[in-house]
Amino acid sequence: LFRSLFKKKKTVIDYDAMFKEQYKSINQITQQAHNELDYVIKESLYEVIVEKYNELIDFIDQGAHFDKAHFEALRDNAKKELQSIHQINQSE
């Protein structure tokens, strides 16, 4: 009886579900960034987007079933966008 009380349950982490939630969040922030007129705010939103893409790629490394190269390319595009926004902010 006691043994069954103290047995640890194996927790199964659903990386696919976590991935989908994170990706949904990225899409919402990206939409917000596209609509943002203040380039300082736009830059900080893109910093969050790039970081969230890094987390997506970590989920893939941990077992989420998505195309890593595709999401690395999306992250690289977000990095380029961040860089160009950063340059605009530096020139003002």
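This is a working chat about a predicted model of a protein.

Trainee: What should I know about the model before we start?
Mentor: It is predicted: local features need pLDDT of at least 70, side-chain atom pairs count only at pLDDT 80 or more, and totals for chains, interfaces and linings use all residues. Residues are numbered from 1 along each chain as its sequence is written, and side-chain values use heavy atoms, with hydrogens and water left out.

Trainee: OK. How many helices and strands does the protein have?
Mentor: Four helices and zero strands. The order from the N terminus is α-α-α-α. Helices (H or I, at least four residues) and strands (E, at least two) are DSSP runs, numbered from the N terminus.

Trainee: And what share of the residues is buried?
Mentor: 29% of the 92 residues. Buried means under 20% relative accessible area, exposed over 50%, and partly exposed in between (1.4 Å probe, protein chains only).

Trainee: Which residues have the most contacts inside the largest nonpolar core?
Mentor: Phe 19, Tyr 46, Ile 49, Tyr 53, Leu 56 and Phe 71. That core has 19 residues. A nonpolar core is a set of buried Ala, Val, Leu, Ile, Met, Phe, Trp, Tyr and Cys residues joined through side-chain atoms within 4.5 Å.

Trainee: Which helices supply at least two residues each?
Mentor: α2 (15-35), α3 (39-62) and α4 (68-91). The largest share, nine residues, comes from α3.

Trainee: Take Phe 71. What is it in contact with?
Mentor: Leave aside neighbours within four places in sequence. Then Phe 71 is in contact with Phe 19, Tyr 23, Tyr 53, Leu 56, Ile 57, Ile 60 and Phe 66. Contact means heavy atoms within 4.5 Å.

Trainee: Now the packing. At what angle do α2 and α3 pack?
Mentor: About 165°, with their axes 9 Å apart. That makes α2 roughly antiparallel to α3. Angles under 35 degrees count as roughly parallel, over 145 as roughly antiparallel, 65 to 115 as roughly perpendicular and the rest as oblique. Axes are lines fitted to C-alpha atoms, for helices over the stretch in contact, and angles run from 0 to 180 degrees between N-to-C directions.

Trainee: Which residues meet there?
Mentor: From α2, they include Phe 19, Tyr 23 and Ile 26. From α3, they include Tyr 46, Ile 49 and Tyr 53. The residues of this contact divide into 15 nonpolar, six polar and three charged. Here Ala, Val, Leu, Ile, Met, Phe, Trp, Tyr, Cys and Pro count as nonpolar, Asp, Glu, Lys and Arg as charged, and the others, Gly among them, as polar.

Trainee: And α3 with α4, how do the axes cross?
Mentor: At roughly 160°, and they come within 9 Å. α3 and α4 are therefore roughly antiparallel to each other. Their contact residues divide into 15 nonpolar, three polar and nine charged.

Trainee: Switching topic. Lys 80: buried or exposed?
Mentor: Exposed, with a relative accessible area of 57%. Lys 80 is in helix α4. Its C-alpha is 9.8 Å from that of Tyr 46, 34 residues apart along the chain.

Trainee: Where is Asp 67?
Mentor: In the loop between α3 and α4. Asp 67 is partly exposed, at 48% relative accessible area. Asp 67 and Ile 57 are 9.2 Å apart, C-alpha to C-alpha, and 10 residues apart in sequence.

Trainee: Last one. Which helix holds Ile 88?
Mentor: Helix α4. Ile 88 counts as partly exposed, at 33% relative accessibility.
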